[in-house]
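The sequence and structure are shown first.

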Amino acid sequence: MPEYGRKLLFGSFLTPAAENPAAVVDLAVASERAGLDLVTFQDHPYQARFLDAWTLLTWVAARTTRVLVAPNVANLPLRGPAILARSAASLDRLSGGRVELGLGAGAYWDAIAANGGPHRTTGEAVDALEEAITVIRELWADRRGGARVDGTHYRLAGAKRGPAPAHDIGIWLGAYGPRMLALTGRAADGWLPSSFAASPDRLAEMSRRVDEAAVDAGRDPREIRRLYNISGRFDGGADGGFLAGPPAVWAEQLAELTLRHGISGFVLGTDARPDIERFAQEVAPRVRELVSAAR
């Protein structure tokens, strides 16, 4: 059975609605109090109904003491990698090492272009993401001399390095297509798909592509954490399908994903406090118990 990543993580994926900013912050704080490990927010800077993700992450980090915070995932085309690297490192230092960096190639290109960003093809977006990862790692690197990256989409020409993060920030990619999965295996620290686009029955094949690319790059695939954005309901029957049923059903299904596919992080998309609390207090402990017993 695969054992990717480290300890099991459980988190929340909250809607950054600007209409009631106190409500989303309260849900983030409730996530920590309930016992979750991670709080995340989608990042769509062109969406005027949403709070800016990085500002919100900073606010939440200041309001909490223990949970990790991460964009799920950062919109690279509207957040240049040099600034993103320094933003993440700065917040990591301010929060005591509690930042992880979910990163995406971009989507909704008309909206991105309307806000002054590029309008890339799929191939260009993947190439740009790979260059961005190089830029970010160069600026975080603890070595002398200016950082240099000679890319097509992003360049560094002797840029000063730093600040360094407080801990080794993980770069987690929201990846689905063959080239993105290969990039994840080749260059990322984690893979962060969503269940609506990568159903459980697709995980084996997609994970295999990540593994193969990691091996081809001389990496141990077990170094790459596998996380999974999920959604479900607690009011279904025991045979209601994926994540439709009582907490015991959720725990069995999620434990199976860990044991079969190496998923080591589950991030629940919900804005309902009772679901967050149930996930943290009834599902997460049972998943850990089942996985520990099987191993």
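## Helix pair

α1 passes α2 in a right-handed crossing; a crossing is right-handed if the near helix is turned clockwise from the far one by less than a right angle, and left-handed if anticlockwise. Helix α1 spans residues 21-34, and its axis lies 10 Å from that of α2 at an angle of about 45°. α1 is therefore oblique to α2 (under 35 degrees is roughly parallel, over 145 roughly antiparallel, 65 to 115 roughly perpendicular, the rest oblique). Axes are lines fitted to C-alpha atoms, for helices over the stretch in contact, with angles from 0 to 180 degrees between N-to-C directions.

In the contact (heavy atoms within 4.5 Å), Val-24, Val-25, Asp-26, Ala-28 and Val-29 of α1 meet Leu-56, Trp-59, Val-60 and Arg-63 of α2. These residues comprise 7 nonpolar, no polar and 2 charged (Ala, Val, Leu, Ile, Met, Phe, Trp, Tyr, Cys and Pro are nonpolar; Asp, Glu, Lys and Arg charged; the others, Gly among them, polar).

## Basis of the model

The model is predicted: local features need pLDDT of at least 70 and side-chain atom pairs pLDDT 80 or more, while totals for chains, interfaces and linings use all residues. Residues are numbered from 1 along each chain as its sequence is written, and side-chain values use heavy atoms, without hydrogens and water.

## Sheet

The open sheet has 9 strands in the order β3-β2-β1-β11-β10-β9-β8-β5-β4, with parallel pairing (pairing needs at least two DSSP bridges; strands are E runs of at least two residues, helices H or I runs of at least four, numbered from the N terminus). Because β3 (68-71) and β4 (74-75) are at the edges with a single partner strand each, one side of each has no neighbour in the sheet.
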